[in-house]
Amino acid sequence: MLYFASDYMESGHERIFRRFLETQGEHLTAYGSDRCCRSAAEKIRAACECPEAEVRFLAGGTQTNQLVIDVLLKPWQGVATAETGHVNTHEAGAIEWSGRKVVTLPGHAGKVDPGELRTLMELWHGDGSREHIVEPGMLYISHPTEYGTLYTRAELEALAAVCRDFSLPLYVDGARLGSGLAAKGTDVTLPVLARCADVFYIGGTKCGALFGEALVFTKNNLPERLLTRIKQHGALLAKGWSVGLQFDELFTGGLYFELGAHAIEMAERLKAGLRAKGYELYVDSPTNQQFIAADDALLARLEGAVAYSFWEKLGDGRTVIRFATSWATRAEDVDALLAIL
């Protein structure tokens with residue numbers, strides 16, 4: 001079986017396992033107060049060129065998204081996002097479960113348009129009945145998006161400007177940030193992201209960690225009693241060091257960026273092979289997610305041989321499927337997939 005269903009199907013990088021073994025016999029303090037979390041936070045601040053950043057470590061992406069959206073919104077507010085945004089499509093109603101409404105905007109290859117965000121806010125502020133309507137209180141985007149596409153620096157800056165005009169926190173889901181930063185031609189770096197976003201997270205689960213996300217508040221805007229709020233969400237790890245240790249290693253010697261670059265190298269190999277075989281890419285993704293529209297004959301050929309992700313059904317009966325490369329994908333596996341295709 002070839003595994004291209006997602007980018008978290010491998011356990012973790014060997015350097016992380018070695019770090020865990022090195023802690024045997026050591027007593028580490030709880031709830032993220034340990035030396036590993038402190039060291040990792042300092043390395044992340046340096047990589048972001050944001051010395052004032054506050055960094056907290058959580059276990060998973062949905063947990064992180066639900067927490068951030070809940071703590072940043074007032075009770076009468078909702079979170080604005082693209083209709084294709086992860087919090088609207090693939091989080092099982094986790095945001096709504098916490099009592100927060102998701103307010104959708106059109107998605108343009110997964111991205112939010114700054115002009116449409118401005119229009120949304122102007123319409124709300126200009127509505128004489130707005131006290132009866134959920135107020136968009138923050139913006140959620142992901143980089144890369146659900147379709148593997150990327151914002152440019154100019155697009156992020158334009159969104160940030162609209163958010164500032166309406167006092168909206170800009171929150172960026174970075175579950176696949178490692179591959180986004182490594183993509184060919186991107187002009188978005190960690191420092192750029194830190195300047196544009198009020199809050200974002202660096203995804204570890206999909207980039208070499210066993211689990212874990214690093215949540216970064218960039219504008220001296222750490223929410224009041226955040227540790228208490230994290231615990232209320234059931235998200236406070238007693239062994240918080242287990243996430244901090246992993247990020248400490250990922251941000252040592254550029255490992256995080258190296259792993260993201262490998263995922264991109266394998267995705268580019270796959271994309272070139274798909275094009276050579278005449279496949280039409282459903283979305284021109286520059287990152288580690290590649291999408292094609294498959295007919296029933298192709299799906300039958302893949303069955304039992306390749307693990308992939310179902311994405312959506314098209315009106316002509318074909319199915320959009322996704323192949324995801326990762327930090328651990330081997331070139332020979334990409335070539336074997338192409339041979340089957």
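**Cavities**

I looked up the largest cavity: about 80 Å³ of space lies in it. The model is predicted, so I read every entry here as a property of that prediction. I listed 14 lining residues for this cavity, and Asp7, Ser179, Lys206, Cys207 and Asn288 lie nearest its centre. Helix 8 (177-182) and helix 12 (255-276) are the elements that give two or more residues to this lining. Helix 12 gives the most, with three residues. By class I noted five nonpolar, six polar and three charged residues around the largest cavity.

How many cavities of 30 Å³ or more are there? The count comes to two. I turned to the second largest cavity, with a volume of about 60 Å³. Its lining has 13 residues, and Ala82, Gly85, Gly110, Ile141 and Ser142 lie nearest the centre. Strand 3 (77-82) and strand 5 each supply at least two lining residues. Strand 5 gives the most, with three. I sorted this lining into five nonpolar, seven polar and one charged residue.

I moved on to the open spaces. The largest pocket has a volume of about 380 Å³. I found 26 residues in its lining; Tyr8, His86, Ala175, Arg176 and Lys206 lie nearest the centre. Helix 3 gives the most, with three residues.

I then took the second largest pocket, at about 310 Å³. Of its 18 lining residues, Tyr31, Gly32, Val55, Arg56 and Phe57 are the closest to the centre. Helix 2 (35-48), strand 2 (54-58) and helix 10 (226-232) give two or more residues each.

**Strand 9**

Next I looked up strand 9 (residues 289-294). Six of its six residues are buried. In a regular strand the side chains alternate between the two faces of the sheet. I therefore checked each face of strand 9, with buried meaning under 20% relative accessible area. Gln289, Phe291 and Ala293 are buried on one side. Gln290, Ile292 and Ala294 are buried on the other. Strand 9 pairs with strand 12 (residues 319-324) in the antiparallel sense, over six bridges. I found Arg322 of strand 12 opposite Phe291.

**Rings and charges**

Phe291 came up again here: ring pairs link Tyr147, Phe291 and Trp311 into a cluster. The count of aromatic pairs comes to ten. I picked out Phe251 and Phe257, an edge-to-face pair at 5.8 Å centre to centre with 80° between the planes. Phe257 is partly exposed, at 35%.

Last, I looked for charges over rings. The charged end of Lys111 sits over the ring of Tyr151, 5.7 Å from its centre. Arg130 lies over the face of Trp124, at 5.9 Å from the ring centre.

Terms used. Residues are numbered from 1 along each chain as its sequence is written. This is a predicted model: local features need pLDDT of at least 70, side-chain atom pairs count only at pLDDT 80 or more; totals for chains, interfaces and linings use all residues. Side-chain values use heavy atoms; hydrogens and water are left out. On a 1 Å grid over the protein atoms alone, a cavity is a set of points where a 1.4 Å probe fits but cannot get out, and a pocket is an open set with protein on both sides within 12 Å along at least five of seven lines; lining residues have an atom within 4 Å of a point. Grid points are joined across faces, edges and corners, and a volume is the space filled by probe spheres set on the points. Helices (H or I, at least four residues) and strands (E, at least two) are DSSP runs, numbered from the N terminus. Buried means under 20% relative accessible area, exposed over 50%, partly exposed in between (1.4 Å probe, protein chains only). Two strands pair if DSSP finds at least two bridges between them. Rings of Phe, Tyr and Trp (its six-membered ring) pair if their centres lie within 6.5 Å; planes under 30 degrees apart count as stacked, over 60 as edge-to-face and the rest as tilted. A charge sits over a ring if NZ of Lys or CZ of Arg is within 6 Å of the ring centre and within 35 degrees of the ring normal. Ala, Val, Leu, Ile, Met, Phe, Trp, Tyr, Cys and Pro count as nonpolar, Asp, Glu, Lys and Arg as charged, and the others, Gly among them, as polar.
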